[in-house]
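Reader: I have a new model open on my screen. Could you take me through it, one question at a time?

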Amino acid sequence: MIRLSIPLRQALARLSLPVLIAAAFGIMLLGKADALLVERARMALADALSPIWAVVQEPVQAVRGGLREAEALWNLRTENARLREENERLHRWQAAALALEAENALLRRQLSWVPDPAPAFRTARVVADAGGTYARAVLLGAGPNHAVRKGQVALDERGFVGRVTEVGNRSARVLLATDMNSRIPVVLEGSRARAIMVGTNGSRPRLQHWPEGTPPRDGDRVVSSAEAGAFPAGLPVGTVRISEGGGVEVELFAQLDRLDVLRLFDFGLSGILPPEAVARPEPRARR
Amino acid sequence: MARKGRPQPPMGTLRRLDAAARAAFPALGIALLLIAAVVPVGAPGLVAALALPPVFFWSVFRPAAMSPPVVFGLGLLQDLLTFAPLGVGVLTLLLVHGVALRMRLWLVRQGFTVVWLCFCAVAAVASAFGFVLTGLLDWHMPSRVPALLQAGLAAGAYPALGWTLGRIHMAMTRAEEGA
């Protein structure tokens, strides 16, 4: 170790805080200038820590499961009544669906319709919250030889969740539809009007840019649009809700506050490029 | 400090390890806390809120273990873990550390409640600072709710964290004086 005189050491100690504050500004500039380097550092750290998070996740999941169980037991009676009523309704729908399916099959036979191939998907577990204070994102733990790519679409068991923006060796980050930087082209299923769903960091994204004359109505179903080639058409997204202030919002089908396993779909779409080409979808590997 | 009648034992490997563990505990403890806080439990902004109380506490009560480079490293870890704009957490924590150092001679003589109230003010300013900085770096204003939530979480977490850390700090001081 280098021996320094006491005054010199004191001077160095007094200087270290201002120097480091200057270095913090330097890091800020670096983060702005070289987004790719920062992204690599982040994913390397996430890769290293995702096994630890996967282990920590177990007791957390157990506690959450227990809480959910207790809640379910508490609401058993009302839940049962609701389910009975819903079951009645769904029986009627099932009859309608069977009739429509038969009719559909008949019409397809007559038209020699070429069906879309069923998209391939893989599942991954949510291990960490990768959003921080001002963003909404989750980190997925994936095996060492995963085939997760940027631009893949993530759905939970109910509907659209977000898309993969960063990929590491053992982990991947999914930007949620509620994040402030999320812009999803959608279609209102009733009127076939196109719109953009804009994240606000709140629980309900806002709808913008619908065509004049076809305002979204409360309760309209919202599905994804194939506009711009970023998403396949028809993925279930949510329902339109008009807020008290008159704002048009989307209540998502997906339960973003309790994500545990996500399905990642590879639709092989090239998509639009985000402002920095960091989250550019990679081309699908040839098979 | 050696007491009368007990000769100071020589600096053996075990004692050296003991001292090293004591010196490293604050930084390592915060790092582990941050890593554990990322596990999703449904409270966004938890990581940034949990970093503030221990950094403030150790800067006031044990500044030797919480030097500026250590704070810098913890801030960097926070920024990388939360995917926040790089540098925001670093700068916020460094400024909190600087303020705590300025106030420490007065703060160490105060009771728990006064320290907590001072921390609440510091946390509010730090959250507002992080909010403005994030807005400047991303070039659009984020909503104010997460910043308020972060300040509230930090202020609410301080009593529990501060009490635990205070116990640990007293145990460490006793061990140092008894050795």
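This is a predicted model: local features need pLDDT of at least 70, side-chain atom pairs count only at pLDDT 80 or more; totals for chains, interfaces and linings use all residues.

Reader: Start with chain B. What pattern do its elements follow along the sequence?

Author: Chain B holds six helices and zero strands. Read along the sequence, the pattern is α-α-α-α-α-α.

Reader: How many residues does chain B have, and what percentage counts as buried?

Author: The C-alpha atoms of chain B fill a box of roughly 65 × 30 × 30 Å, taken along the principal axes. A residue counts as buried if 20 or more other C-beta atoms lie within 10 Å of its own. Chain B has 179 residues, and the buried part is 41%.

Reader: What share of the contacts in chain B joins residues 24 or more positions apart?

Author: The count takes in contacts with a separation of 6 or more. Of these, the share between residues 24 or more positions apart is 69%.

Reader: Are α1(B) and α2(B) roughly parallel or roughly antiparallel?

Author: Two packed helices are described by the angle between their axes and the distance between the axes. Here the axes of α1(B) and α2(B) come within 9 Å and cross at roughly 165°. Angles over 145 degrees count as roughly antiparallel. So α1(B) and α2(B) are roughly antiparallel.

Reader: Which classes of residue make the contact of α1(B) with α2(B)?

Author: On α1(B), the residues include B:Ile30, B:Leu33 and B:Leu34. On α2(B), they include B:Leu50, B:Val55 and B:Trp58. The crossing is right-handed. By class, the contact has no charged residues, one polar and 12 nonpolar.

Reader: Now the two chains together. Which helix gives the largest share of the side of chain B that touches chain A?

Author: On chain B, 33 residues are in contact with 38 residues of chain A. The elements giving two or more residues to that side of chain B are α1, α2, α3, α4, α5 and α6. The largest share is six residues, and it comes from α3(B).

Reader: How many charged residues are on the side of chain B that touches chain A?

Author: Sort that side by class. It has 24 nonpolar residues and nine polar ones.

Reader: On to chain A. Which residues of β7(A) lie on its covered face?

Author: In a regular strand the side chains alternate between the two faces of the sheet. In β7(A), residues 194-198, the uncovered face has A:Arg194, A:Ile196 and A:Val198. The covered face has A:Ala195 and A:Met197.

Reader: Which strands pair with β7(A)?

Author: β6(A) pairs with β7(A) in the antiparallel sense over five bridges, and A:Val187 has A:Arg194 as its bridge partner. These two strands form a hairpin with five residues between them, and A:Arg192 in the turn has a positive phi of about 60°. Three bridges also join β7(A) to β8(A), again antiparallel, with A:Met197 partnered by A:Leu207. The partners are β6(A) and β8(A).

Reader: Is A:Asn169 buried or partly exposed?

Author: A:Asn169 is found in the loop between β4 and β5 of chain A. Buried residues need 20 or more C-beta neighbours within 10 Å. A:Asn169 has 16 inside 10 Å, so it counts as partly exposed.

Reader: Which residues is A:Asn169 in contact with, leaving aside its neighbours within four places in sequence?

Author: A:Asn169 and A:Pro144 are 25 residues apart in sequence. In space they are 5.9 Å apart, C-alpha to C-alpha. The contacts of A:Asn169 are A:Asp47 and A:Pro144.

Conventions:
Residues are numbered from 1 along each chain as its sequence is written. Chains are lettered from A and ligands numbered from 1 in the order in which they are written. Two residues are in contact if their C-beta atoms, placed from the backbone, lie within 7 Å. Helices (H or I, at least four residues) and strands (E, at least two) are DSSP runs, numbered from the N terminus. Ala, Val, Leu, Ile, Met, Phe, Trp, Tyr, Cys and Pro count as nonpolar, Asp, Glu, Lys and Arg as charged, and the others, Gly among them, as polar. Axes are lines fitted to C-alpha atoms, for helices over the stretch in contact, and angles run from 0 to 180 degrees between N-to-C directions. Angles under 35 degrees count as roughly parallel, over 145 as roughly antiparallel, 65 to 115 as roughly perpendicular and the rest as oblique. A crossing is left-handed if the near helix is turned anticlockwise from the far one by less than a right angle, and right-handed if clockwise. A residue is buried if 20 or more other C-beta atoms lie within 10 Å of its own, exposed if 12 or fewer, and partly exposed in between; C-beta atoms are placed from the backbone. Two strands pair if DSSP finds at least two bridges between them.
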